Amino acid sequence: AAAGVTLPSAAASEAPTTEMVESNVAETAALPGRREVTIWTLEGGTGDRNTLLPNADIVSEINPFWYELGADGNLYGAARDAALLAEQRTLGGRIVPTIANDLNRVRVHAVIGTAAARTAHVQDLLALVLENGFDGLDVDYESLYAVDREDFSLFIEELAVAFHAEGKLLSIAVHPKSDENGTWE
């Protein structure tokens with residue numbers, strides 16, 4: 001079971017700001033009954049660090065929003081806060097950045113619609129993780145076409161095989177299905 005929570009800021013009296021982080025408390029499959037806190041960090045870095053460090057004893061993974069799937073199918077972004085990465089590694093936490101599609105379903109359709117496109121995209125994502133020494137990747141492709149369901153599932157399966165062969169983690173942000181037809185593609 002997963003639940004979203006907001007971690008407190010460094011000063012208990014501070015009101016939440018856009019520099020606050022979101023958190024996901026999830027039971028790990030590898031260690032049944034053990035819960036972990038992972039955080040999706042927002043743009044910035046200083047606010048993330050100010051929240052992460054005082055809570056380092058409970059945060060096991062960070063998912064910074066650093067990468068985006070571009071309209072041309074290329075990956076854009078960079079590890080924007082080297083100090084935060086170093087601090088997280090020193091604390092023993094995992095670094096699993098997020099890649100998003102800017103809610104643009106056409107971008108995702110283009111990179112998963114054929115076997116060749118999927119293979120190329122899987123290789124691009126794996127190279128990103130390996131070249132940067134990340135522990136894995138969090139895929140946050142949203143607002144997809146309903147007709148892409150099978151291709152997206154194939155993509156995730158292929159990506160998982162490639163990542164797991166290298167000992168890397170893969171997480172996927174998904175929307176909950178509230179009824180059979182859904183109200184959103």
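Is Tyr 141 buried or exposed, and what is its relative accessible area? In this predicted model, where residues are numbered from 1 along each chain as its sequence is written, local features need pLDDT of at least 70, side-chain atom pairs count only at pLDDT 80 or more, and totals for chains, interfaces and linings use all residues. Side-chain values use heavy atoms, with hydrogens and water left out. Tyr 141 turns out to be buried, with a relative accessible area of 3% (buried means under 20%, exposed over 50% and partly exposed in between, with a 1.4 Å probe and protein chains only).

The search of the whole structure gives 3 aromatic pairs (rings of Phe, Tyr and Trp, the last by its six-membered ring, with centres within 6.5 Å; planes under 30 degrees apart are stacked, over 60 edge-to-face and the rest tilted). Tyr 141 and Phe 155 make a stacked pair, at 6.2 Å centre to centre and with 10° between the planes. Tyr 141 belongs to the loop between strand 8 (136-140) and helix 5, and Phe 155 to helix 5, so this pair ties together parts 14 residues apart in sequence (helices, H or I of at least four residues, and strands, E of at least two, are DSSP runs numbered from the N terminus). Phe 155 is buried too, at 0% relative accessibility. Its ring centre lies 6.0 Å from that of Phe 152, and the planes meet at 50°, so the pair is tilted. Phe 152 and Phe 155 are 3 residues apart in helix 5, about one helical turn. Tyr 141, Phe 152 and Phe 155 together form one aromatic cluster.

We turn next to helix 3. In helix 3 (residues 105-112), Arg 105, Arg 107, Val 108, Val 111 and Ile 112 are the buried residues. Viewed down the helix axis, they fall within an arc of 155°, so they line one face of helix 3 (the arc is taken over directions from the axis to the C-beta atoms). Their cover includes strand 4 (59-69), helix 4 (115-132) and helix 5 (149-165).

Strand 4 also pairs with strand 3, in the parallel sense over 5 bridges (pairing requires at least two DSSP bridges). Within this pairing, Ile 39 stands opposite Ile 62 of strand 4. Of the 7 residues of strand 3 (residues 35-41), 6 are buried, so the strand is largely enclosed by the rest of the structure. Ser 60, found in strand 4, is buried at a relative accessible area of 16%. Leaving aside residues up to four places away in sequence, Ser 60 touches Glu 36, Val 37, Thr 38, Gln 88, Gly 93 and Arg 94 (contact means heavy atoms within 4.5 Å).
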